[in-house]
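Visitor: I would like to go through the ligand sites of this entry. Could you show me the structure?

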Amino acid sequence: MHSGILVLSGPSGAGKSTIINAAADAIGEFYFSVSTTTREPREGEVNGVDYFFVSKEEFEEGIARGDFLEYATVHGNYYGTSLLPVKKALSEGKLVIFDIDVQGHKLVREAMGDIVVSAFITPPSLKVLKERLTSRGSDRMDIIQKRLENAKEEIKEISSYDFVIINDNLKEAKEAFIAIANAARYKMGKAESQKFIKEWLES
Ligand code: ADP
Ligand code: 5GP
C-alpha cells in the first residue's frame, strides 16, 4: 500500500472522530496522529490514545527541542503534532491522518508540500454544530461558546482544502471520507514522481 498524508480539519463537534472511527475498517492500514495538548482531558478520553495530555511547561520544552512538525494555540490551549511517529508511519507505507485546525493545515502544507491531501469536515450549519456540541455533553457552555466563535472563523478557510465533507447524514459522510482517504494514497508528490520516472525509464 502507498503511504500518504491526509489532513482533516473542521470545527470541534463536526464529527471528525465519529467519521474516522466509522470508516476505520475500510481505509487500509493507517496511523492516526495522536496530538499533544495542554487542554484538560474530557471524560472518557485516554492519555496516549486521544491525546498526550501534558502541562504548559512540558509542551514548551517540546517546542524548544524541536519535537513538533507543527503546533498552534487553539481555544487558548497548545496543540501540536510530533514529528517522529509521523516519519515512522510514512516509512512503513501507512496513510497518516491528522485531525488538526486550520493553522496546523497551513503549517503541514508548508512542511510536507505537495504530498498532502486535505479535507474540511463540517456540519450543515452553525445551528446544527451548536446542537451537536450541546448533545455531546462533554464541554461546559462557556467552552462550547468559545468553540462556536472559533468555528465562525475556521469556516472562512474552507477554500484552502482539497475537499469538503458536509456531515449531515453520517453514512454519506463516511463514504465520502473513505473515497478521499483512498485517493490520498495515490497522490504522488514531485520528489516521488521524479524518482518514479527515473526508475521507470531505466527498468
Ligand atoms: P469532532 O471529533 O469533530 O470534535 P465528534 O466526532 O466528537 O466531533 O462529534 C460530535 C458529536 O456529534 C458527537 O456526539 C457525535 O456522536 C455527533 N455526530 C457526529 N456525526 C453526526 C451526524 N452525522 N449526525 C448526528 N450526530 C452526529
Ligand atoms: P478538541 O479540543 O476539540 O479535541 O480540538 C480542538 C481543535 O484543535 C480541533 O480543531 C482540532 O482539529 C485541533 N487540533 C487537535 N490536535 C491538533 C494539533 O496537533 N495541531 C493543531 N494545529 N490543531 C490540533
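Predicted model: local features only at pLDDT ≥ 70, side-chain atom pairs only at ≥ 80, totals over all residues.

Visitor: Which residues come nearest to ligand 2?
Guide: Arg 39, Tyr 51, Glu 70, Tyr 79 and Asp 99 do, out of 18 residues around ligand 2; a residue is near if one of its heavy atoms lies within 4 Å.

Visitor: What lies 2.7 Å from a nitrogen atom of ligand 2?
Guide: An N or O atom in the side chain of Glu 70 does. The side chain of Asp 101 places an N or O atom 2.8 Å from a nitrogen atom of the ligand, and for Ser 35 the side-chain distance to an oxygen atom of ligand 2 is 2.7 Å. The protein covers 96% of the 510 Å² of accessible area that ligand 2 has on its own (Shrake-Rupley method, 1.4 Å probe).

Visitor: And why does ligand 2 lie between the domains?
Guide: Domain 1 (1-29 + 95-203) and domain 2 (34-92) both contribute residues to its shell, so ligand 2 lies between them; the bounds come from an automatic or database domain assignment.

Visitor: Which strands supply at least two residues of that shell?
Guide: Strands β5 (68-74) and β6 (77-82) each do; strands are DSSP runs of E with at least two residues, and helices are runs of H or I with at least four.

Visitor: Changing topic, what is closest to ligand 1?
Guide: Gly 13, Lys 16, Ser 17, Thr 18 and Asn 167 are the closest of the 13 residues that surround ligand 1.

Visitor: Which side chains have polar atoms by ligand 1?
Guide: Among them are Arg 136, with a polar side-chain atom 2.9 Å from an oxygen atom of the ligand, and Asn 167, with a side-chain N or O atom 2.8 Å from a nitrogen atom. Of the 570 Å² of accessible area that ligand 1 has on its own, the protein covers 73%.

Visitor: Which element gives the largest share of the shell around ligand 1?
Guide: Helix α1 does, with three residues.

Conventions: Residues numbered from 1 in each chain as written. Chains lettered and ligands numbered in written order. Heavy atoms only, no water. Polar contact = N/O pair within 3.5 Å; in protein donor to acceptor, adjacent residues only side chain to side chain.
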